[in-house]
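Below is a colleague's note for a reader who is meeting this structure for the first time. The points run from the overall fold to single residues.

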Amino acid sequence: MYRTGITVIDNEHERLFEIIRETNDVIKAEFLHDKYDKIVDILDELMDFLLNWLINHILKMDKQIPVKK
């Protein structure tokens, strides 16, 4: 299970697992002959997700870690 009890993080985990399930569905789809476009779409979505995730985590850490001057 990927639940932490922190809503924001749990929602991120849920979305990531949705992307993984979608990827698995495309791979296993027998009647989808040209999977290339769908895989590219999924990779674009994953890249957007990961970039947003990274930016949000950096911003969160920036607020939580005191900067020594």
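How many helices and how many strands does the protein have? It has two helices and zero strands. The model is a predicted one, and the points below should be read with that in mind.

1. Overall make-up. The protein has 69 residues, and buried residues make up 10% of them. The protein exposes about 6,100 Å², with carbon and sulfur atoms supplying 63% of that area. Counting contacts between residues at least 6 apart in sequence, 35% join residues at least 24 apart.

2. Helix H1 covers residues 7-28, and helix H2 covers residues 36-64. H1 has 22 residues and reaches 31 Å from its first C-alpha to its last. That span is close to the 32 Å expected at 1.5 Å a residue.

3. Buried residues of H1. Which residues of H1 are buried? They are Asp-10, Glu-12, Ile-19 and Val-26.

4. Glu-12. This residue lies in helix H1. Its relative accessibility is 12%, and Glu-12 therefore counts as buried, the cut-off being under 20%. Leaving aside neighbours within four places in sequence, Glu-12 is in contact with Phe-49, Trp-53, Asn-56, His-57 and Lys-60.

5. Leu-16. Apart from neighbours within four places in sequence, Leu-16 is in contact with Leu-46 and Phe-49. Leu-16 and Phe-49 are 33 residues apart in sequence, while their C-alpha atoms are 7.8 Å apart in space. Phe-49 is also among the contacts of Glu-12.

6. Salt bridge within H1. The structure holds four salt bridges. One of them joins the side chains of Glu-18 and Arg-15, at 2.6 Å from N to O. Both residues lie in helix H1, three residues apart, which is about one turn of the helix. An α-helix has 3.6 residues a turn, so residues three or four places apart point the same way. Glu-18 counts as partly exposed at 30% relative accessibility, and Arg-15 is partly exposed at 26%.

7. Glu-45 is partly exposed, with a relative accessible area of 27%. Arg-15, Glu-18 and Glu-45 are thus linked in a network of salt bridges.

8. Salt bridge between Glu-22 and Lys-38. Where do the two partners of this pair lie? The side chains of Glu-22 and Lys-38 meet in a salt bridge at 3.0 Å, N to O. Glu-22 is in helix H1 and Lys-38 in helix H2, 16 residues apart, and the pair links distant parts of the chain. Glu-22 counts as partly exposed at 22% relative accessibility. Lys-38 is partly exposed as well, with a relative accessible area of 32%.

9. Ile-27. This residue has its place in helix H1. With a relative accessible area of 55%, Ile-27 is exposed, as the cut-off for that word is over 50%. Ile-27 and Ile-39 are 12 residues apart in sequence and 8.6 Å apart in space, C-alpha to C-alpha.

10. Nonpolar surface patch. Which residues form a nonpolar patch on the surface? They are Met-47, Leu-51, Ile-55 and Leu-59, with about 380 Å² of accessible area together. Ile-55 is found in helix H2. Its relative accessible area is 47%, so Ile-55 is partly exposed.

Terms used: Residues are numbered from 1 along each chain as its sequence is written. This is a predicted model: local features need pLDDT of at least 70, side-chain atom pairs count only at pLDDT 80 or more; totals for chains, interfaces and linings use all residues. Side-chain values use heavy atoms; hydrogens and water are left out. Patches are made of residues with over 30% relative accessible area and no salt bridge: like charges are joined within 9 Å, nonpolar side chains (Val, Leu, Ile, Met, Phe, Trp, Tyr) within 5 Å. Accessible areas come from the Shrake-Rupley method with a 1.4 Å probe; for residues, only the protein chains shown count as cover. Helices (H or I, at least four residues) and strands (E, at least two) are DSSP runs, numbered from the N terminus. Buried means under 20% relative accessible area, exposed over 50%, partly exposed in between (1.4 Å probe, protein chains only). Contact means heavy atoms within 4.5 Å. The expected span of a helix is 1.5 Å times one less than its number of residues.
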